[in-house]
Amino acid sequence: MKPGFLSVVRREIRRLTSRPLYAVAMIAVPLLMAFFFVGMMHRGLPLKVPSGVVDMDHSQMSRTLIRSLDAMELIDVVQQPVDYHTAMEAVQRGEIIGFFMIPEDFERDAISNRAPALTYYYNTAIYVPGSLAFKGFKTMGVSSSGALVQTSLTARGISSSVAGVILQPMTVNVHALNNPYLNYSYYLSPSFTYGLLELMIFLVTSFSITQELKTYTSREWLNTAGNRVGVALLGKLLPQTIVFVTVGLFINALLFGYLHFPMNGSMLWMNIGMLLFVIASQSFAVFVCAIIPNARFAMSICSLMGILAFSLAAFSFPVEAMYGALVPFTTILPVRWYFLIYANEALNGIALYYSRFYFIWLLCFPIAASLAAWRLRKPLLNPVYVP
């Protein structure tokens with residue numbers, strides 16, 4: 001077979017189809033995780049957080065308060081422990097996320113204007129359910145306090161309308177831009193799926209390159225490319241690029257087509273960004289393998305950066321608030337720039353002009369990889385595997 005680009009492509013296709021590992025890593029894992037994340041968040045956010053109520057008053061007012069709490073969208077009263085210690089043990093066992101505590105003589109003190117104290121406890125070790133339990137408990141505590149004050153005012157002869165104005169002198173209109181449903185899935189599902197896709201691209205690319213060194217087939221690979229490192233890399237990565245881009249486009253079709261995630265911008269630019277995102281992720285792995293042509297170290301670095309992307313790519317914590325030493329790491333993660341493209345195109349629907357630098361950043365990765373690729377020639381000609 002004549003050496004050249006097509007020969008390398010055919011050789012790589014044979015290698016990809018000869019091991020089920022590639023199909024699992026390139027197709028099965030990203031798609032299964034995409035379905036898992038969107039299925040887990042299909043309701044937008046967790047609802048009916050399991051909670052408890054410690055009722056030490058057992059009055060009509062306390063029972064009404066418990067029914068109102070259980071009727072809330074965020075709270076599911078699954079237990080009514082007899083005291084504080086029993087409720088705290090239930091929280092420690094993970095049976096409930098938090099509990100609402102109604103003190104003794106609650107109804108009597110409320111009617112007598114003695115300001116009874118409502119107490120609630122919630123577990124923030126499990127952040128999202130804990131925050132939702134806090135929101136539900138606080139809402140019920142504030143509304144109960146307002147209802148008691150309104151009852152007291154009307155008992156003194158003030159009309160209900162005037163009492164309402166005294167309790168809430170002004171009305172606040174809240175308008176959530178770009179995500180009016182406050183759907184967590186619109187934000188979390190893409191970040192998880194794109195981050196996992198990047199991780200798998202890192203691992204498969206670094207594995208396919210360093211495996212040539214490990215099995216001492218790198219010289220054959222280079223000879224098939226006519227002893228040109230660039231041709232060898234392009235021929236090896238092209239089949240993987242096609243597969244990963246197809247998987248990425250399927251994920252976009254799942255999110256924006258089937259699940260109707262908001263798409264306020266251009267789907268075309270989202271798909272072009274997906275192509276650049278896949279190439280940038282492969283280029284990152286090529287750069288690591290060129291700098292450190294060792295299977296164990298290269299794959300360790302790629303897996304480490306892929307995992308850290310879920311924290312450093314600013315999905316849940318803004319870059320501006322990070323320690324200065326961590327900020328440079330956010331710029332070398334392709335998924336950060338693609339997620340910013342997603343935010344601008346899909347959620348905000350703003351002009352492409354405001355995303356131009358994100359596309360430029362994605363183009364910088366293949367440029368950096370091409371500048372470092374020459375370092376692979378020596379280890380490919382003289383492969384040495386260090387376990």
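1. A starting point for reading the model: helices (H or I, at least four residues) and strands (E, at least two) are DSSP runs, numbered from the N terminus. Please keep in mind that this is a predicted model.

2. With that naming in hand, have a look at histidine 58, in the loop between strand S1 (49-55) and helix H3 (60-70). Although histidine 58 is not a glycine, its phi is positive, at about 55°. Its relative accessibility is 57%, so histidine 58 counts as exposed.

3. You will find asparagine 227 in the loop that runs between helix H9 (218-224) and helix H10 (229-258). With a relative accessible area of 36%, asparagine 227 is partly exposed.

4. Next, the pairing of helix H2 (residues 20-40) with helix H8 (residues 185-214): their axes come within 9 Å and cross at roughly 170°. Angles over 145 degrees count as roughly antiparallel, and H2 and H8 are therefore roughly antiparallel to each other. On the H2 side, the residues in contact include Leu21, Met26, Met33 and Phe37, while those of H8 include Phe192, Leu196, Met200 and Phe207. Sorted by class, this contact has 16 nonpolar residues, three polar ones and no charged ones.

5. Finally, the cysteines. How many disulfides does a search of the whole structure find? The search finds zero. Cysteine 302, for instance, is in no disulfide, and the nearest cysteine sulfur, that of cysteine 289, lies 5.6 Å away. Cysteine 302 is buried, at 0% relative accessible area, whereas cysteine 364 counts as partly exposed at 35% relative accessibility.

Methods
Residues numbered from 1 in each chain as written. Predicted model: local features only at pLDDT ≥ 70, side-chain atom pairs only at ≥ 80, totals over all residues. Heavy atoms only, no water. Disulfide = S-S within 2.5 Å. Buried < 20%, exposed > 50% of the residue type's maximum accessible area, 1.4 Å probe, protein only. Axes fitted to C-alpha atoms, helices over the stretch in contact; angles between N-to-C directions. Parallel < 35°, antiparallel > 145°, perpendicular 65-115°, else oblique. Contact = heavy atoms within 4.5 Å. Nonpolar A, V, L, I, M, F, W, Y, C, P; charged D, E, K, R; others polar.
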